[in-house]
Amino acid sequence: MAASEVNPANTVSSKLVLEHVSKSFRTRTLTVHALDDVTLRIAEGEFVCLVGPSGCGKSTLLNIIAGLERPDRGLVQANGEIIVGPGPHHLVMFQEASLFPWLTVLGNVLFGLKLINGLSVAERRERAEYFLELVGLKRFMHSNVHELSGGMKQRVALARALAPNPSVLLMDEPFGALDALTREQLYGDIQRIWSQHRKTIVFVTHNVREAVCLGDRVILFSPNPGRIREEFAIPLLRPRDINSVDLARYSTEITRVLKGYVQAEVAG
Amino acid sequence: MIARWLAASLFFMFIVVAWYLVVEAHIWSPLLLPSPLSVFKYLRFAAEDGTLWEATLVTVRRLLIGYGLGILAGIPLGLLTASSRWCQDTIGVLALGLQTLPSVCWVPLALLWFGQTEAAMLFVVVMGTLWSLIIATDHGVQTIPPIYTRAARSMGSTGLHTWTHVVLPAALPFLLSGMKQGWAFAWRSLMAAEIYVTILSGFGLGHLLHYGRELNAMDQVIGVMLIIVVIGLAVDKTLFAPIEQFLHRRWGTARQ
């Protein structure tokens, strides 16, 4: 069985290192401290979920790891190298429909592969088909994007993000816009794919249950300024069922702690 | 499909018959409203002696060259105005202003600058096309959901690759409507120029129209108008319809 134990991040060599990362945005009327002194280590092959209410800076953190934004202060390293910009080593899968409507399903998966040097046309095609097979959509590869359901679109987005073989996969509330049933199917898929390929995954969500279902660790953020508040290891066996009682125990506890911070925020 | 063809044919036959009946009723002088038969006779005559073909060729050539130049310049300029605040404030404002100018206003200037030459004609057509294409491209690029470029960037797409592989295809629906509008403006400006100005290097359809009026030959005027309409339809069906079908299929925006 795919029994997996938690990798204690500090004993294994870290895949991803963030040290004292801060970032703020200035609008016309106020300055938002999206991230304040965030330090985080993520091990190779670890599945980490970032949880918090909206506006707590978790998406900003993801964008910084993706290289789409630069931190004001602090250090961000992947594989021991400082991240200076976006690239196929740390890919993002977005919440919204980010598939390109002018390309077919296959064309979308090929898009990232074409940006990698040293792959022949046949190799690209083979890899694209492999990952479409992995998400169960190979027979839709010549379909147009608008012909797919919401869940299928996110599966294609997953295949597109996996195909260039990123060492870190970043997922920004990828299932947020889906209905509950489709989401549950995708939890199963993503656990299966993760146990087969052992990607390092950073997964942003505001759904505590989802985080407990997927993550080795759940990291709790609180807003204004965005900070890491607490960390929870989830030593449950995989594959996990989101409706299981064991899982509910963890998510109840985490939700209780989260509410405490949100209420403190409102009161303060 | 056959039913649609049939309906269209019946509709146009009905128009011609109605036209014929109105003429037969002798309400207006045939000088004002010639019968469809005499228009047809003119067209056959002009086709046989070659003037119609020659004029069509001259006009279509001017149109295609001027329109092509307008597109070649308009799309890059539109990309520029969409990507730089500075270009937006300069070229963008210029395009917005000049787009409101009826293109026939360029004719006197074109005559002064280029004389009675092909260059004057092309200039008017380009001025008719260019500005609306800049604005359509600019608008199209600015309307693209930012998620597309973010997704592309995260996969390692940069600079020119992002422009050609993401921004332009994403803006295609807007580019197409800009191109259609540009085409219509190109036609209008060329006809205006040909009607007003005699160009020694070639007599176009506009000239035929003009001389038809001078000679009180309404059959010629209406005949040439018909030819202009037919060319416009043909271009729409051959140039724009395939792109539109591609858009409908890929984007899923079919009307049915």
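Two strands are taken to pair if DSSP finds at least two bridges between them, and helices (H or I, at least four residues) and strands (E, at least two) are DSSP runs numbered from the N terminus. The structure described here is a predicted model, in which local features need pLDDT of at least 70 and side-chain atom pairs count only at pLDDT 80 or more, whereas totals for chains, interfaces and linings use all residues. Residues are numbered from 1 along each chain as its sequence is written, and chains are lettered from A and ligands numbered from 1 in the order in which they are written.

On this basis, an open sheet of 4 strands is found in chain A, with the order β2-β1-β4-β5 and antiparallel pairing. Its edges are formed by β2 (31-43) and β5 (81-82) of chain A, each of which pairs on one side only. Strand β4 (residues 73-78) of chain A runs antiparallel to β5(A) and is joined to it by 2 bridges, and Gln77(A) stands opposite Ile82(A) in β5(A). In general, the strands of a sheet pair through backbone hydrogen bonds, either parallel or antiparallel. His20(A) is exposed, with 12 other C-beta atoms within 10 Å; here a residue is buried if 20 or more other C-beta atoms lie within 10 Å of its own, exposed if 12 or fewer, and partly exposed in between, the C-beta atoms being placed from the backbone.

Chain A as a whole has 7 helices and 10 strands, and 43% of its 268 residues count as buried. The C-alpha trace of chain A spans about 55 × 45 × 40 Å along its principal axes. For 268 residues a compact globule would have a radius of gyration near 18 Å, and the 18 Å of chain A agrees with this; the radius is taken over C-alpha atoms, and the globule rule is 2.2 Å times the number of residues to the power 0.38. Two residues are in contact if their C-beta atoms, placed from the backbone, lie within 7 Å, and among contacts in chain A between residues at least 6 apart in sequence, 71% join residues at least 24 apart.

The domain assignment of chain A gives domain 1 (14-89 + 169-267) and domain 2 (102-165), with bounds that come from an automatic or database domain assignment. The centres of these two domains of chain A, taken over C-alpha atoms, are separated by 25 Å. At their boundary, 11 residues of domain 1 of chain A are in contact with 11 residues of domain 2 of chain A. Helix α5 (residues 180-197) of chain A provides the largest share of the domain 1 side, namely 5 residues. That side divides into 8 nonpolar, 2 polar and 1 charged residues, where Ala, Val, Leu, Ile, Met, Phe, Trp, Tyr, Cys and Pro count as nonpolar, Asp, Glu, Lys and Arg as charged, and the others, Gly among them, as polar.

A nonpolar core is defined as a set of buried Ala, Val, Leu, Ile, Met, Phe, Trp, Tyr and Cys residues joined through C-beta atoms within 7 Å. The largest such core holds 119 residues, and those touching the most other members are Ile65(A), Val109(A), Ala159(A), Leu170(A), Val202(A), Val218(A) and Val124(B). Helix α6 (residues 118-143) of chain B gives the largest share of this core, 15 residues. Domain 1 and domain 2 of chain A both give residues to this core, so it lies between them. Apart from this core lies another, of 13 residues, including Ala55(B), Leu205(B), Ile222(B) and Val224(B).

Between the chains, 16 residues of chain B are in contact with 20 residues of chain A. The elements that give two or more residues to the chain B side are α7 (146-154), α8 (159-170) and α11 (218-252) of chain B, and the largest share, 6 residues, comes from α7(B). The residues of this side divide into 8 nonpolar, 4 polar and 4 charged.

Some local backbone features remain to be described. A cis peptide bond with omega of about -5° joins Asn224(A) and Pro225(A), and Pro225(A) is placed in the loop between β9 (217-222) and β10 (227-233) of chain A. The peptide bond from Arg238(A) to Pro239(A) is also cis, with omega near 0°.
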